[in-house]
Amino acid sequence: MLTGGEVAALVAAVVWAVLATFMCVALVKLIKLINEATRVVSEVGDRTPPLLDDVASTVERTNTSLERVEEITANVQASSEDVSTVTALTRSVLTGPLVKVASLSYGVRRVLGQRRALAVVRTRKRKANR
């Protein structure tokens with residue numbers, strides 16, 4: 001028969017065996033996890049350069065488009081300045097003569113109106129004198 005010390009040693013040995021088994025299972029799972037993580041990192045590393053190339057080409061196309069937009073904006077600005085200049089020139093060329101024509105027509109209308117008024121007054125005086 002076993003003594004108390006031997007039973008305790010046997011129980012301790014069984015506990016250590018079970019603990020070692022759980023540790024082995026945990027280590028195997030950890031090794032699988034590390035291998036999977038290594039595979040994922042490797043795949044990401046393989047996929048990254050083409051993505052970076054795509055991003056670089058997209059940035060180049062965007063820069064080209066922005067340069068075109070800048071050219072268009074500069075052309076629109078130049079055209080706007082030209083239209084403004086033509087408008088100012090047209091205004092200065094036409095405004096002076098139009099003001100003169102308007103003044104002349106106003107003066108002619110006023111003179112004709114006064115002549116009519118004088119003609120009416122003279123006609124009344126003639127009728128009154130008869």
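This is a predicted model: local features need pLDDT of at least 70, side-chain atom pairs count only at pLDDT 80 or more; totals for chains, interfaces and linings use all residues.

Student: Then why is E36 called partly exposed?

Tutor: E36 has a relative accessibility of 38%. That value falls between the cut-offs of 20% and 50%, so E36 counts as partly exposed. R39 gets the label partly exposed too, with a relative accessible area of 38%.

Student: What makes E36 and R39 a salt bridge?

Tutor: The cut-off here is 4 Å between a side-chain nitrogen of Lys or Arg and a carboxyl oxygen of Asp or Glu. For E36 and R39 the N to O distance is 2.2 Å, so the pair qualifies as a salt bridge. In general, side chains of opposite charge can pair when their charged atoms come close.

Student: How many salt bridges does a search of the whole structure find?

Tutor: The search finds 2. Besides the pair E36 and R39, the side chains of E43 and R39 meet at 2.5 Å, N to O. Within helix 1, E43 and R39 are 4 residues apart, so about one helical turn separates them. E43 is partly exposed, at 32% relative accessibility.

Student: What links E36, R39 and E43?

Tutor: A network of salt bridges links them. R39 takes part in the bridge with E36 and in the bridge with E43.

Student: How do you know whether R115 is buried or exposed?

Tutor: Set its value against the cut-off. R115 has a relative accessible area of 58%, which is over 50%, so R115 is exposed. R115 lies in helix 1, which covers residues 4-129. On the surface, R115 gathers with R122, K125 and R126 in a patch of positive charge.

Student: Why is S57 called partly exposed?

Tutor: S57 has a relative accessible area of 27%, between 20% and 50%, so the label is partly exposed. S57 is also in helix 1. From S57 to A88 the C-alpha atoms are 46 Å apart, for 31 residues along the chain.

Student: How do you know that the chain is more spread out than a compact globule?

Tutor: The protein chain has 1 helix and 0 strands. Its radius of gyration is 53 Å, whereas the globule rule gives 14 Å for 130 residues, so the chain is more spread out than a compact globule. The C-alpha trace spans about 175 × 40 × 15 Å along its principal axes.

Student: What share of the 130 residues counts as buried?

Tutor: The share is 0%. The accessible surface of the chain comes to about 11800 Å², and 67% of this belongs to carbon and sulfur atoms.

Student: How far apart are the mean positions of the positive and negative charges?

Tutor: For the 18 positive and 12 negative charges, the mean positions are 52 Å apart.

Terms used
Residues are numbered from 1 along each chain as its sequence is written. Side-chain values use heavy atoms; hydrogens and water are left out. Patches are made of residues with over 30% relative accessible area and no salt bridge: like charges are joined within 9 Å, nonpolar side chains (Val, Leu, Ile, Met, Phe, Trp, Tyr) within 5 Å. Accessible areas come from the Shrake-Rupley method with a 1.4 Å probe; for residues, only the protein chains shown count as cover. Lys and Arg count as positive and Asp and Glu as negative; His and the chain ends are not counted. The place of a charge is taken as NZ of Lys, CZ of Arg, CG of Asp or CD of Glu. Helices (H or I, at least four residues) and strands (E, at least two) are DSSP runs, numbered from the N terminus. Buried means under 20% relative accessible area, exposed over 50%, partly exposed in between (1.4 Å probe, protein chains only). The radius of gyration is taken over C-alpha atoms; the globule rule is 2.2 Å times the number of residues to the power 0.38.
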